[in-house]
Amino acid sequence: MNTVKIDFERCKQCKFCIKFCSKQILKQGEDLNKQGYYPPYVTEPEKCIACGICARVCPEAAIEVYKDE
């Protein structure tokens with residue numbers, strides 16, 4: 001299964017990853033990080049196609065995508 005790893009503490013809640021996710025599997029989280037932001041989470045990891053768009057649009061480089069091979 002493909003994996004989206006979100007660095008909880010680097011996220012500044014810009015929501016670009018949520019907006020540009022081609023499968024719409026990223027949603028706004030409910031847990032605050034140390035900076036006072038609500039990082040997103042992956043709702044349905046099995047639907048991730050590892051396109052990497054979320055990682056490319058993140059201005060904080062808080063997302064890494066790993067493709068299962």
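Is Phe16 buried, partly exposed or exposed, and what is its relative accessibility? Phe16 counts as partly exposed, at 36% relative accessibility; by definition, buried means under 20% relative accessible area, exposed over 50%, and partly exposed in between (1.4 Å probe, protein chains only).

The legends below describe a predicted model, in which local features need pLDDT of at least 70, side-chain atom pairs count only at pLDDT 80 or more, and totals for chains, interfaces and linings use all residues. Residues are numbered from 1 along each chain as its sequence is written, and side-chain values use heavy atoms, with hydrogens and water left out.

**View 1. The aromatic pair of Phe16 and Phe20.** The structure holds one aromatic pair. Phe16 and Phe20 form this pair, which is edge-to-face, with 6.4 Å from centre to centre and 65° between the planes. Rings of Phe, Tyr and Trp (its six-membered ring) pair if their centres lie within 6.5 Å; planes under 30 degrees apart count as stacked, over 60 as edge-to-face and the rest as tilted. Because Phe16 and Phe20 are four residues apart in helix H1 (residues 16–20), about one helical turn separates them. Helices (H or I, at least four residues) and strands (E, at least two) are DSSP runs, numbered from the N terminus. Phe20 is partly exposed, at 39% relative accessibility.

**View 2. The largest nonpolar core.** This core has 11 residues, among them Val4, Cys17, Leu26, Cys48 and Ile63. A nonpolar core is a set of buried Ala, Val, Leu, Ile, Met, Phe, Trp, Tyr and Cys residues joined through side-chain atoms within 4.5 Å. Leaving aside neighbours within four places in sequence, Ile63 is in contact with Val4, Lys5, Ile6, Cys17, Cys54, Ala55 and Cys58, where contact means heavy atoms within 4.5 Å.

**View 3. Lys15 in a loop.** Lys15 is found in the loop between strand S1 (3–6) and H1. Although Lys15 is not a glycine, its phi is positive, at about 70°. The relative accessible area of Lys15 is 42%, so this residue is partly exposed.

**View 4. Ala61 in a loop.** The loop between H2 and strand S4 (63–66) contains Ala61. Ala61 is not a glycine, yet it has a positive phi of about 50°. At 47% relative accessibility, Ala61 is partly exposed.

**View 5. Glu44 and Ile6.** Glu44 lies in the loop between strand S3 (40–42) and helix H2 (53–57). With a relative accessible area of 28%, Glu44 is partly exposed. Glu44 and Ile6 are 38 residues apart along the chain, and 14 Å separates their C-alpha atoms.
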